[in-house]
Amino acid sequence: MQPQSQQGFHPVFCTIVPPHVLDKLSQSDNPDLAGPSRRTLEGDAARRTRRQMATVVTVPASPAATGEEASDKPDRTLYDCRHHTRLPGTKVRAEGQEPTKDASVNRAYAGLGATFELLLKAYGRRSIDGNGLPLIGSVHYDQKYNNAFFDGEQMVFGDGDGVVFLDFTVAIDVIGHELTHGLTQYTANLSYYGQSGALNESVSDVFGSLVKQYTLGQTADQADWLIGAGLLAPGVQGVALRSMKAPGTAYDDDVLGKDPQPAKMEDYIHTSEDNGGVHLNSGIPNRAFYLLATALGGNAWERAGQLWFDVLTGGQLAVDADFASFARLTVAAARSRFGEGDEAEAVLKAWSEVGVPTS
């Protein structure tokens, strides 16, 4: 295994709605359900291929790269694609400007800021690269686009089809999730396949949930531990895209299907689809984090989140890490930061409960 410092950025394309969900919807007999999801699926596949063919991930210049000192304030710019696919679109709001009349723009602006604030206040990190990287978002992407994504350079939000999915700016944890793919890109640089890809997705769910909890002032016990609550349209039988507390229970709908996420290693899904099931098997480390956070109590971003942040940024996590190697590093991080106390014991117990070995 090689640490991320020995390799360049992996050119990944990460979406909040996994391909298996869109594939299920695209097979519906109802054209209002099938059409938008089929177009989203095809568009995502094309964008994913283009990103994989890219030899270098280009990113906006951070203040540090231009000789400026990184600020404790975010640098956000929002664009409106006006239902087209050319990025970034028309500039509609810059950092410090007053809210617009467009709720999607304002929600995206707030979500980018909330993610920046969590990283700064909880972990002392200035933006996702640590050097004040500008945060860019584009709303109203394409027509009835059923997804949101981070493409290595910026956030992009669809409006949803209004039948299954609503506007993707409504869930602040989705914004935190996608920006965390950028954080991972700049730190552990986890490859997007198999268990390392599932870890990449899980880390995004973890910090996406922490952004929501931090913004709402919720303790671990008060949080809902749902990813994408509010995204599903009325009439859909479900509460969110994923549940960290109980993977496999987020939705059970005639059209959407049943949430297939496993919660333990004994149910690990071996598949060639979705980059080796990165959105499926992420349920296993997701539940481990939930178990740890609720066992420790209090604010999840303080102790549990700190340990995950330590592993992600510590330089020891290999780009092709599996669950067991990540788990061992979280145990080591707990002992390094807190000693042989409740934290280390809770980490060991959490991983044991989901069937991931730590020795």
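Trainee: Hi! Before we start, what kind of model is this, and how are residues numbered?

Mentor: It is a predicted model, where local features need pLDDT of at least 70 and side-chain atom pairs count only at pLDDT 80 or more, while totals for chains, interfaces and linings use all residues. Residues are numbered from 1 along each chain as its sequence is written, and side-chain values use heavy atoms, with hydrogens and water left out.

Trainee: Great. What is the strand order in the sheet?

Mentor: The open sheet has six strands in the order 1-5-6-4-2-3, with mixed pairing. Strands here are DSSP runs of E with at least two residues, helices are runs of H or I with at least four residues, and both are numbered from the N terminus. Two strands pair if DSSP finds at least two bridges between them.

Trainee: Which strands sit at the edges?

Mentor: Strand 1 (14–15) and strand 3 (90–94), each of which pairs on one side only. Helix 4 (residues 172–186) packs on the sheet, touching strand 1, strand 4 (135–139), strand 5 and strand 6. The direction of helix 4 makes about 20° with that of strand 5. Contact means heavy atoms within 4.5 Å.

Trainee: And strand 2, is that buried or exposed?

Mentor: Strand 2 (residues 76–80) is mostly covered, with five of its five residues buried. Buried means under 20% relative accessible area, exposed is over 50% and partly exposed lies in between, using a 1.4 Å probe and protein chains only. R76, L78 and D80 point one way, T77 and Y79 point the other way, and all are buried.

Trainee: What does strand 2 pair with?

Mentor: Strand 2 runs parallel to strand 4, joined by five bridges, and antiparallel to strand 3, joined by four bridges. On the strand 4 side, T77 has I136 as its bridge partner, and Y79 stands opposite S138. On the strand 3 side, L78 stands opposite R93.

Trainee: How covered is strand 4, and where does the sheet go from there?

Mentor: Four of the five residues of strand 4 are buried. Strand 4 also pairs with strand 6 in the parallel sense over two bridges, and there S138 stands opposite V156. Strand 6 (residues 155–157) then runs antiparallel to strand 5 (residues 148–150), with three bridges between them. In that pair, F149 stands opposite V156.

Trainee: Nice. Switching to helices: how does helix 4 pack against helix 5?

Mentor: Helix 4 and helix 5 (residues 194–216) pack at about 130°, with axes 7 Å apart. Axes are lines fitted to C-alpha atoms, for helices over the stretch in contact, and angles run from 0 to 180 degrees between N-to-C directions. That angle makes helix 4 oblique to helix 5. For the classes, under 35 degrees counts as roughly parallel, over 145 as roughly antiparallel, 65 to 115 as roughly perpendicular and the rest as oblique.

Trainee: Which hand is that crossing, and what makes up the contact?

Mentor: Helix 4 passes helix 5 in a right-handed crossing. Right-handed means the near helix is turned clockwise from the far one by less than a right angle, and left-handed means anticlockwise. The contact includes I172, G176 and T180 of helix 4 and V203, F207 and V211 of helix 5. By class, the contact residues are four nonpolar, 10 polar and four charged. Ala, Val, Leu, Ile, Met, Phe, Trp, Tyr, Cys and Pro count as nonpolar, Asp, Glu, Lys and Arg as charged, and the others, Gly among them, as polar.

Trainee: What about helix 5 with helix 8?

Mentor: Helix 5 and helix 8 (residues 304–313) pack at about 140°, with their axes 11 Å apart, and are therefore oblique to each other. The crossing is left-handed. V203, V206, F207 and L210 of helix 5 meet G305, W308, F309 and L312 of helix 8, giving seven nonpolar, one polar and no charged residues.

Trainee: Last one: how do helix 7 and helix 10 cross?

Mentor: The axes of helix 7 (residues 283–296) and helix 10 (residues 342–353) come within 8 Å and cross at roughly 145°, in a right-handed crossing. Among the residues that meet are L291 and L292 in helix 7 and V347 and W351 in helix 10. The contact divides into 10 nonpolar, no polar and four charged residues.
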